[in-house]
Amino acid sequence: MEKREIWVYRIPARPGRHLQKMVEDAEIVSVREQGEMIAIWAIVDPKMQGIITEGKNPIRTFEVVMTGEEFDEREGWAKMRFLGTCQFHGGSFILHVFES
C-alpha cells in the first residue's frame, strides 16, 4: 500500500482566479482560512512531487467569490466544484472557493 501525506497549499484571500501548482492527483479534502490566506489541504503521494505525467497538468485553477458578488454562469461556473467557505476579520469578509 502506497503511503500518503496531507499537504497544505495556500492562495491569496481575495476574489478572482488563482492558479496553484499541486502534486499530481492531489485529492482536496478541506479548504479553510489560515491567518490571512486561504488554505487548501490535500492528500498527496509525496513521491509524485515534481513529476509531471504526459497529458496531466499540475496547475489547478481556483475561483474565489465574495458573498453577494455576481458571477456569470456562462463562464463555466456550473461545472465548478464548490470546495468551501472562508471567513476573515471576524466573519465580516467571507469568501467561497471553487475549483474549475
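Reader: Which side chains meet in a salt bridge at 2.4 Å, N to O?
Author: Those of Glu 99 and Arg 60. The pair links distant parts of the chain, 39 residues apart: Glu 99 sits in strand S7 (residues 93-99), Arg 60 in strand S5. A salt bridge here is a side-chain nitrogen of Lys or Arg within 4 Å of a carboxyl oxygen of Asp or Glu. Helices (H or I, at least four residues) and strands (E, at least two) are DSSP runs, numbered from the N terminus.

Reader: What sort of model is this?
Author: A predicted one: local features need pLDDT of at least 70, side-chain atom pairs pLDDT 80 or more, while totals for chains, interfaces and linings use all residues. Numbering runs from 1 along each chain as its sequence is written, and side-chain values use heavy atoms, without hydrogens or water.

Reader: Arg 60, buried or exposed?
Author: Buried, at 15% relative accessibility. Glu 99 is buried too, at 10%. Buried means under 20% relative accessible area, exposed over 50%, partly exposed in between (1.4 Å probe, protein chains only).

Reader: What else does Glu 99 meet in a salt bridge?
Author: Arg 81, at 3.2 Å, N to O. Arg 81 lies in strand S6 (residues 81-88), so this pair ties S6 to S7 across 18 residues of sequence. Arg 81 is partly exposed, at 41%. Arg 60, Arg 81 and Glu 99 are linked in a network of salt bridges.

Reader: New topic. How many salt bridges in the whole structure?
Author: The search finds 6.

Reader: And what does Glu 63 pair with?
Author: Arg 17, at 2.5 Å, N to O. Glu 63 is in strand S5 (residues 59-66) and Arg 17 in strand S2 (residues 16-21), so parts 46 residues apart in sequence are tied together.

Reader: Arg 17, buried or exposed?
Author: Exposed, at 57% relative accessibility. Glu 63 is buried, at 6%.
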